[in-house]
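Hi,

My notes follow below it.

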Amino acid sequence: MFEHRRLPLITTRAFAWRQLKFLAVALVIVSLSLGVGVWGYMRLAGLDFPDAFLNASMILGGMGPVGDLPTDAAKFFASFYALYSGIALLTTVAVLLAPLVHRMLHALHVEEEEGGAE
């Protein structure tokens with residue numbers, strides 16, 4: 001997936017394509033997570049789509065639910081969805097930053113080898 005440390009840095013164009021691929025993966029993670037949240041709020045809380053989308057996106061974004069939840073099942077879902085959302089946020093950030101951090105570390109290592117010091 002990433003070039004070995006002994007290989008030269010990839011071109012800026014290739015890096016941009018790599019970053020776009022990782023962005024696509026991050027968008028899939030967010031979309032699936034939002035879909036699960038909307039489904040849960042519609043199914044368990046009896047909310048219509050706009051309200052379910054609002055609640056799911058607010059929890060996924062770390063803000064919390066918007067209104068009161070009518071049933072215990074909806075409250076449990078919201079609790080577990082909030083816990084999942086924290087993990088999904090960290091995963092999404094890691095996916096987005098992985099190519100950038102790798103390139104930075106690779107560049108530092110390449111400069112070290114070119115200078116002759118190890």
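Asn55 is buried, at a relative accessible area of 6% (buried means under 20%, with a 1.4 Å probe and protein chains only). Asn55 belongs to helix 2 (residues 49-60); helices are DSSP runs of H or I, at least four residues, numbered from the N terminus. Leaving out residues up to four places away in sequence, Asn55 touches Tyr41, Leu47, Pro65, Val66 and Gly67 (heavy atoms within 4.5 Å).

On provenance: this is a predicted model, where local features need pLDDT of at least 70 and side-chain atom pairs pLDDT 80 or more, while totals for chains, interfaces and linings use all residues. Residues are numbered from 1 along each chain as its sequence is written, and side-chain values use heavy atoms, without hydrogens and water.

Now the rings. There are four aromatic pairs (ring centres of Phe, Tyr or the six-membered ring of Trp within 6.5 Å; planes under 30 degrees apart are stacked, over 60 edge-to-face, the rest tilted). Tyr41 and Phe77 make an edge-to-face pair, 5.4 Å centre to centre with 90° between the planes. That pair links distant parts of the chain: Tyr41 lies in helix 1 (residues 12-44) and Phe77 in helix 3 (residues 72-114), 36 residues apart. Both Tyr41 and Phe77 are buried. Together with Tyr81 and Tyr84, they form one aromatic cluster.

One charge also meets a ring. The charged end of Arg103 sits over the ring of Phe15, 4.9 Å from its centre (the cut-offs: NZ of Lys or CZ of Arg within 6 Å of the ring centre and within 35 degrees of the ring normal).

Best wishes

Terms used: Helices (H or I, at least four residues) and strands (E, at least two) are DSSP runs, numbered from the N terminus. Buried means under 20% relative accessible area, exposed over 50%, partly exposed in between (1.4 Å probe, protein chains only).
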